[in-house]
Amino acid sequence: MSETGPSTQLPQHLFTAIDHVGVAVPDLDAAIATYTEKFGMVVLHEETNEEQGVREAMVGVGDSGSCIQLLAPLDETSTIAKFLDRSGPGLQQLAYRVDDVEQVSAVLRERGLRLLYDAPKRGTAGSRVNFVHPKDAGGVLVELVEPAR
């Protein structure tokens, strides 16, 4: 390791793309209908993530590789349920794609940012994720997504 730490071993950019924008919704089926019927988007993936307490769908934005992630709570204890109670439906997170979530998390911690998890958790479709605390990112919940290989 060099004297300047792990950040010198990273590519020029920490983030490789906007992976998705998360939208909290009270009813996933109604939201899917809106995004497919009104906006002409296509559902690329749908799953229930018990650990995160959500039912979710990824809808593709054209052929860009970016998605809108529709997130509905499984029950009232879900983080998304609490978000909906506090803020109502709407933008909940901005997710950046990364090549190595652990490496990027270490660099961000080194730069003084707080992450929500000590180690990455399972995200959509087997991805690995962590989150930057919104208080350290201008009020935005920033998700780091390392896609499943």
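Residues are numbered from 1 along each chain as its sequence is written. Because the model is predicted, local features need pLDDT of at least 70, side-chain atom pairs count only at pLDDT 80 or more, totals for chains, interfaces and linings use all residues, and side-chain values use heavy atoms, with hydrogens and water left out.

**Exercise 1. Work out which residues of α2 are buried and what covers them.**

Step 1: find the helix. α2 spans 79-87; helices here are DSSP runs of H or I with at least four residues, strands are runs of E with at least two, and both are numbered from the N terminus.

Step 2: pick the buried positions. These are Ile80, Ala81, Phe83 and Leu84, where buried means under 20% relative accessible area, exposed over 50% and partly exposed in between (1.4 Å probe, protein chains only).

Step 3: look down the axis. The buried residues of α2 fall within an arc of 160°, so they line one face of the helix; the arc is taken from the directions from the helix axis to the C-beta atoms. On the other side, Thr79, Asp85 and Arg86 are exposed.

Step 4: check both ends. Serine 78 caps the N-terminal end, with a side-chain oxygen 3.0 Å from the backbone nitrogen of isoleucine 80. Just after α2, glycine 88 has a positive phi of about 80°.

**Exercise 2. Is glutamine 69 buried or exposed, and what does it touch?**

Step 1: Glutamine 69 is in strand β4 (residues 67-73).

Step 2: read the accessibility. Its relative accessible area is 4%, so glutamine 69 is buried.

Step 3: go through the contacts (heavy atoms within 4.5 Å). Setting aside neighbours within four places in sequence, glutamine 69 meets, among others, His20, Val23, Met58, Gln93, Thr124 and Glu143.

**Exercise 3. Describe the lining of the largest pocket.**

Step 1: On a 1 Å grid over the protein atoms alone, a pocket is an open set of points with protein on both sides within 12 Å along at least five of seven lines, and lining residues have an atom within 4 Å of a point.

Step 2: count the residues. The lining has 25, of which Thr79, Gln92, Gln93, Phe131 and Leu141 lie nearest the centre.

Step 3: trace where they come from. β3 (54-60), β4, α2, β5 (90-97) and β7 each supply at least two, and α2 gives the largest share, 5 residues.

How values were computed:
On a 1 Å grid over the protein atoms alone, a cavity is a set of points where a 1.4 Å probe fits but cannot get out, and a pocket is an open set with protein on both sides within 12 Å along at least five of seven lines; lining residues have an atom within 4 Å of a point. A polar contact is a pair of N or O atoms within 3.5 Å; within protein, one must be able to donate a hydrogen and the other to accept it, and residues adjacent in sequence count only if both atoms are side-chain atoms.
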